[in-house]
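Thank you all for coming; I would like to walk you through one structure this morning.

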Amino acid sequence: MQTRLILLISFILFFSGCLDNATIEDRLACLELTSYSFTSVPDCISQEKCFEQVQAKFSFNETILNSKVQESIFNTENHLARAWLFLNKAKANLKIINNQCYSAKKLSSIPQQVNELNSNIVTVAEEIDSFNKEAAKAITFEINNLESEDINIVREEFLFDDYVILNQNIVDFSEKNIHNTTYASRFLFEAEKFNILAETLELQNIVNETTLFSILSENDKTILAESKKQDFPITFIAPIFTGLSDFLNNFFALSGSVQSLKNLPSFELFSALNNLLGSENSAASSFFGMFAENSKHRLSLQEKNSAGKIKINENLNIASQKVLLISQNYGDYFFPELLFPEDFGITTGFSKADFENFSQNFNKKIEKVKSSLRSLDEAEFLGKISLGQKTRLIKQLLEESENLLEELNYFDELLLSSNQTCAQKISEISLEITKPEFDSSNPVIISAKSRLNSQIKFFNTTQTISSCSEAIQTYSDLLSYLDSSNPGEEVSIQINSCISKAEALMDFDDGSLKIQLDSLKRIEKPFENPELVLNSCFEIRQKLEEKALAGSNVLLANQIYDEVSEKAVILENLLIEFPGLKSAKRATDFITDFSSIEPSFESSELILSEANNAEKLADNLTALSSGADKILQQLASEIIETYLKIEFLDSIGEIEGKFARIFIENPSEEINAPFSAVIELDSSNAEEIFSTGNISFLSQGKKTTLKFSKLLTGLNSIILDLNSTAKKSKVNVPAENNFAKNDFLDFAEKQRILFEKELLLEKAKSALTETPDVKLSAEKIQFYADQNKLEKAAEELRNLGSLVNFASLPSITENAVSSEEIAKISALKLSIGEKLSLLESNFSGLSKEQLDEVYAFSPITIERIQEIKNQLEKTELIEPANLVILEAIDKELTLALEKLKQNSLSSYNVAVSKRNSSEPNTEADSLLLKSKQSLEEKSYLESIYNSNKATNLTGLATIFQPFEIPLAVYPLILVLIGVAFYVHKKSEEEKKPKPTVKIKRASND
């Protein structure tokens, strides 16, 4: 405070009748007692200005607090403003008295100033007590509100710390604790000073108390009931000032002396006033600081929860994309059995089923979190979830979404790490095949080993799962060949089977593969290199199978089968979850019909043997799919009409009215098909104020048609304001609450605006990060809504809608190719051109006759090469989508060249092996040399041709080449012939009856 009570005493001195005969001592005492020190109370001369000063000094967002708390805080601001006003008036009184005493003129006017000063000081004290009463109410109401908001279940939040501090205020009030830092403790500490003053002066009026319960008994029963459990005493200081005023009046009227003034602790008294009312380091500043922190933490938690919901949606979107990418990237090599040990599930926490049903399992987890979010939104809109419950649920869902991403990342890393597992296995295989037991002169084993070595090198270069899997499979084949007593015969049997299967698929060929198969069939038996022939046949058969399964009818059948399969699963689950539906038999019949088609498919793909029936199957599936849609729609309508619940509400939050909550929980999968259902509800005056986004309504008198775009998993809800055509009611703030210049606007309208904002932001996920205007507009909507300026919020919502719709339109530059993509396209075009030239040179380097002999060993046909060239000429390679096409073509040509190289190495190594085990042959050696040179020059087909010729010459030389026997060997040969002849005759003699003498006849010959 800016004065001392000494001033008051001085004024009362003059007022007591001593002024007319004031001595020099009296005048000097007056000057001394009317001097004052600086305080932290701002200067203000009107109620409005003081109120502005209070709000400026203790500014914080009060709108986020409960309405009762807001009202009490507003009242504290008003009482503090009045205390400041009358304290400033008291300061003005002191200045006038001081001037009068200093000039020693017109001393007769001092009594009036003393009276005013006395009144002003008493008013200040009364306002302090009023401030304290409202502060106690605010503390109690906020504690009750935080308890109702279950803040105790989120103790890690700062708002819980505020709750603890608020409770500590009650404890300090109850236990009269003056040694703490709370508002209550500081107020009691200063009040105790007044109590000491009263005792010193032997005043009858000292600091007295009343209870919160007594104060609140003047209010409505609801407030009273809330505060019964937290009743505590409240201290008042105004009686001291009243008693002090009476004491001084009586004292000076009797004695007329100023000597006793020295015994009055005036400095301490006014210091205590400053410590109670000041704008800095006072009980008042402690009170407002406490609620400022509370408000800040409420806002922070609100923003944290909003950010948490946005983050959950972002995580779920990323998770959905990851599921799709992982499924696409790994394809047939998604879970190569040979890559993982038997204890895989124990060491990683994943089972093989997780891999086999990967998309389905993770999409279910994603949908579960989305469903929980929808339930949260509705509960929040209805005010049926406390702040603590909401915060905990958002944290839980955020953790679930992050766990989903962690699982997917680990999943991805696990699959990526399979390259390391592959590298380790390939390294082991590389060492294994160097052992002596893998040495063999059998052409099948030589060829397989040669192919394996080539595949190992290719894997070391590419590090792809597919090349690893092929190498492991070839190694497995090699082991089986080594265990076989006659691998050549076994392979020959496989070749005959392969050729038969390939011939059965010729109806799907365009002619190019028949040429290759005919070339393969012309190879003379027994095969010089059976393994090469078998692999070539496999290549031809695989291409025929791909063509058979790539037909439009097959692809259509696969697509429709996948759709119908999903619908069958949904129908099965719906029949379990919602028994007793009228259309249950139709659904059961559909499931039975679908079951009869299932054997024609494996893993949602048509089996090869049914390729010729693809058109018929596609027609049947199309009919089934159409029927399934009708059954699903009918079932969904019956589910709604049978199991839908309608809950009538008299209020939503603070809004009174008549509302209908129409909802259903779907524990089954999502039904992604539109349907409608009619319910008994008069919605002629209704308006939608909340929806899970998949439901709209159409009023039909006493009935209502609900239109569903789909039936979501989990909560499906729409909330209607049944009296929306009536003028929207507004909650008027009582007149004394003039802090709110505008009326509270409609809560439901506010929630509608915020909900539509979230829908628009969901639609503009990409635009939100790319367009600052979208983010700014969303922030404006939130700001205006928080301030209850809903007209501006609605206007900004329309602006956001325009921005989002514009941002959602296809941009001219959307399909533009980035510089990085242009570089990739250029590199791919160069790579493809080089590989096409290399393949073409392989064909052009041979005559027609030569090509006919080796055409079967080419993994790619001339027609396919021409087809790729035509595709490249027709395609405008300036769009990002064509980058994928180029990558696929480049991969196809890379694999074709690799397999061609493997075939060439196989043929060459078999030829070398046979040459090493035969007699010298100059022509064969020349052909092998040419084959090696062609191999080095990447003329693989020419190398195969020369190797095969060398193998044939080696075989002929072994059979027909003259065999010269050295002269020294002839006697030994004759002896051996004689021994053999004798053994032969002896065995014949043992077999025949003894009377028959055939030995003599034989010897005579």
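Let me begin with a definition: two strands are said to pair if DSSP finds at least two bridges between them. Helices (H or I, at least four residues) and strands (E, at least two) are DSSP runs, and they are numbered from the N terminus. What you see is a predicted model, in which local features need pLDDT of at least 70 and side-chain atom pairs count only at pLDDT 80 or more, while totals for chains, interfaces and linings use all residues. Residues are numbered from 1 along each chain as its sequence is written, and side-chain values use heavy atoms, with hydrogens and water left out.

With that settled, I turn to the sheets. Four strands make up an open sheet in the order S5-S6-S11-S8, and their pairing is antiparallel. At the edges are strand S5 (645–652) and strand S8 (687–691), each of which pairs on one side only. From one strand to the next the twist averages 25°, where axes are lines fitted to C-alpha atoms, for helices over the stretch in contact, and angles run from 0 to 180 degrees between N-to-C directions. Between S8 and strand S11 (residues 714–721), which run antiparallel, there are 4 bridges, and within S11 it is Ile718 that stands opposite Ser691. Helix H15 (residues 358–382) packs on this sheet and touches S5, strand S6 (655–666), S8 and S11, its direction making about 25° with that of S11; contact here means heavy atoms within 4.5 Å.

One residue shows this packing in detail. Glu378 lies in helix H15, and at 4% relative accessibility Glu378 counts as buried, a word that I use for under 20% relative accessible area, with exposed meaning over 50% and partly exposed in between (1.4 Å probe, protein chains only). Which residues is Glu378 in contact with, leaving aside its neighbours within four places in sequence? They are Arg661, Phe663, Phe690, Leu715, Ser717 and Ile719.

There is also an open sheet of 3 strands, in the order S7-S10-S9, again with antiparallel pairing. Its edge strands are strand S7 (675–680) and strand S9 (695–700), each pairing on one side only. S7 and strand S10 (residues 703–708) run antiparallel and are joined by 6 bridges, with Glu680 opposite Lys703 in S10. H24 packs on this sheet, where it touches S7 and S10, and its direction makes about 25° with that of S7.

Helix H22 (residues 552–577) has 26 residues, which at 1.5 Å a residue should span 38 Å, and its end C-alpha atoms are 38 Å apart, which agrees; the expected span is 1.5 Å times one less than the number of residues. The buried residues of H22 include Val554, Ile560, Val564, Lys567 and Leu571, and what covers its buried residues includes H21, helix H23 (584–597) and helix H24 (614–643).

Next, the cysteines. How many disulfides are there, if we take a disulfide to be a pair of cysteine sulfur atoms within 2.5 Å? The count comes to 2. Cys44 and Cys50 form a disulfide with their sulfur atoms 1.9 Å apart, and the torsion about their S-S bond is about 90°, so this disulfide is right-handed. Both Cys44 and Cys50 are buried. A disulfide also joins Cys498 to Cys537, with 2.1 Å from S to S; here the torsion is about -110°, so the disulfide is left-handed. Cys498 lies in helix H19 (residues 487–504) and Cys537 in helix H21 (residues 530–549), so the pair ties together parts that are 39 residues apart in sequence. Cys498 is buried, at a relative accessible area of 0%, and Cys537 is likewise buried at 0%.

I will finish with the interior. A nonpolar core, as used here, is a set of buried Ala, Val, Leu, Ile, Met, Phe, Trp, Tyr and Cys residues joined through side-chain atoms within 4.5 Å. The largest has 65 residues, of which Ile429, Ile433, Leu452, Leu520, Leu893 and Leu941 touch the most other members. Apart from it lies another core, of 58 residues, among them Ile73, Leu273, Ala284 and Leu301.

Definitions and conventions: Disulfide = S-S within 2.5 Å.
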